[in-house]
Amino acid sequence: MHLPRTSIAEFQQLINGSRRILALCGAGLSASSGLPTFRGAGGLWRNHDPTSLATPDAFEEDPGLVWLFYAWRRHMAFKAKPNKAHYALAELAKKKEGFMCLTQNVDGLSPRAGHPENALRLLHGSIADIKCFEECGYIEKNNLKDPLCAALALAAEDYPPGETMPLLNPAIPAPNISPSDLPQCPSCASSGKTSLLRPGVVWFGEYLPEGMLEEADAWIAEDKVDVMLVIGTAAAVYPAAGYTREAKKRGAVVAVINPDPSADEGLDDNDFFFQGDAAEILPQLLEGIIGKIEVPEE
């Protein structure tokens with residue numbers, strides 16, 4: 001059995017001399033920022049499987065309920081703050097021209113940490129973006145209004161620790177929100193049509209933003225990849241598995257940072273595995289390039 005390496009000093013030596021570095025980030029990157037998981041406690045949101053709300057069909061059927069779910073997620077994301085791992089990756093992007101970060105997270109914390117836009121690809125979109133449901137082309141980037149409209153105010157309320165938010169209590173009926181009270185597409189309205197705005201994220205059953213996969217593939221194929229960082233997700237699970245395989249073909253050493261001990265699956269003795277929280281480990285691994293990370297006061 002070939003176990004991956006775990007030496008921080010060895011990894012620092014490798015990455016300090018690396019030119020092209022690829023990172024793929026999952027939910028574990030934002031764990032220290034205090035964000036609830038996609039599914040929340042018990043795996044359900046108001047007795048709904050959240051994956052059943054994250055579809056175009058669900059939005060068509062009950063846009064008010066879907067918007068309440070996303071308004072709550074927006075509120076939680078906007079309350080959260082980027083952690084040291086977000087800032088470490090942002091600094092790496094500023095110091096290393098050949099760094100590209102692909103993130104599956106929609107929480108907007110990487111952009112808020114100052115990660116340069118040209119070195120960041122939001123594979124699944126951003127919860128801060130809103131766009132036309134009828135796909136007229138209208139999109140509003142980085143809309144931080146909370147709540148987005150009066151009808152969604154229930155999702156943006158804060159309660160003392162230990163007190164359950166009424167919206168999260170399935171015993172309390174959710175309000176029936178009329179589509180006319182939800183965010184409307186201004187572009188469609190200007191041409192006499194009516195269309196709702198929706199969250200600017202990739203839902204189940206939808207394709208990734210046009211050109212996103214092609215861009216990532218082209219970046220990998222362009223030249224040798226020295227190091228691939230897999231942060232807060234597992235290297236053996238799609239899409240990390242696909243990118244890991246392609247990066248290895250281009251010569252990459254893979255380093256996984258994940259608190260789950262099983263996340264080292266698929267790694268060999270030339271790779272690295274660092275078990276733990278990315279917010280603690282990543283700044284150490286990158287210190288030789290980025291120096292000490294200080295999280296600014298917001």
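Which side chain does Lys248 meet in a salt bridge? The legends below take up this pair and several other close-up views.

The structure is a predicted model, in which local features need pLDDT of at least 70 and side-chain atom pairs count only at pLDDT 80 or more, while totals for chains, interfaces and linings use all residues. Residues are numbered from 1 along each chain as its sequence is written, and side-chain values use heavy atoms, with hydrogens and water left out.

View 1. The side chain of Lys248 meets that of Asp268 in a salt bridge, at 3.0 Å from N to O; the term stands for a side-chain nitrogen of Lys or Arg within 4 Å of a carboxyl oxygen of Asp or Glu. This pair links distant parts of the chain, with Lys248 in helix α9 (residues 240-249) and Asp268 in the loop between β8 (253-257) and β9 (272-274), 20 residues apart. Helices (H or I, at least four residues) and strands (E, at least two) are DSSP runs, numbered from the N terminus. Lys248 also forms a salt bridge with Asp271, where the closest N and O atoms are 2.5 Å apart, and here the partners are 23 residues apart, Asp271 being in the loop between β8 and β9. Asp271 is buried, with a relative accessible area of 1%, whereas Asp268 is partly exposed at 29% and Lys248 is partly exposed at 27%. In these terms, buried means under 20% relative accessible area, exposed means over 50%, and partly exposed lies in between (1.4 Å probe, protein chains only).

**View 2. The salt bridge of Asp158 and Lys79.** Among the 13 salt bridges that the structure holds is the one between Asp158 and Lys79, with the closest N and O atoms 2.9 Å apart. Asp158 lies in the loop between β5 and α7 (186-190) and Lys79 in helix α4, so the pair ties together parts that are 79 residues apart in sequence. Lys79 is partly exposed, with a relative accessible area of 45%. Side chains of opposite charge can pair when their charged atoms come close.

**View 3. The largest nonpolar core.** The largest nonpolar core has 38 residues, and those with the most contacts inside it are Trp45, Trp67, Tyr70, Leu152 and Trp203. Such a core is a set of buried Ala, Val, Leu, Ile, Met, Phe, Trp, Tyr and Cys residues joined through side-chain atoms within 4.5 Å. Two or more residues of this core come from each of α3 (56-61), α4 (63-79), β4 and β6 (197-201), and the largest share, 10 residues, comes from α4.

**View 4. A patch of negative charge on the surface.** Asp57, Glu60, Glu61, Asp62, Glu134 and Glu135 gather in this patch. Patches are made of residues with over 30% relative accessible area and no salt bridge, like charges being joined within 9 Å and nonpolar side chains (Val, Leu, Ile, Met, Phe, Trp, Tyr) within 5 Å. Glu134 lies in the loop between β4 (125-132) and β5 (139-140) and counts as exposed at 52% relative accessibility. Glu135 has its place in the loop between β4 and β5 and is exposed, with a relative accessible area of 69%; although it is not a glycine, Glu135 has a positive phi of about 60°.

View 5. Most residues other than glycine have a negative phi, and most peptide bonds are trans. Arg46, which is not a glycine, has a positive phi of about 55°; this residue lies in the loop between β1 (21-25) and α2 (50-53) and counts as buried at 11% relative accessibility. A cis peptide bond, with omega about 0°, joins Asp146 and Pro147, and Pro147 has its place in the loop between β5 and α7.

**View 6. Ile177 and Leu65.** Ile177 lies in the loop between β5 and α7 and is buried, with a relative accessible area of 14%. Ile177 and Leu65 are 112 residues apart in sequence, and their separation in space is 7.6 Å, C-alpha to C-alpha.

**View 7. Gly232 and Glu117.** Gly232 lies in the loop between β7 (227-231) and α9, and at 15% relative accessibility Gly232 counts as buried. The C-alpha atoms of Gly232 and Glu117 are separated by 21 Å, the two residues being 115 residues apart along the chain.

Notes. Areas by Shrake-Rupley, 256 points an atom, 1.4 Å probe, with all protein chains shown as cover. Lys, Arg positive; Asp, Glu negative; His and termini not counted. Charge placed at Lys NZ, Arg CZ, Asp CG, Glu CD.
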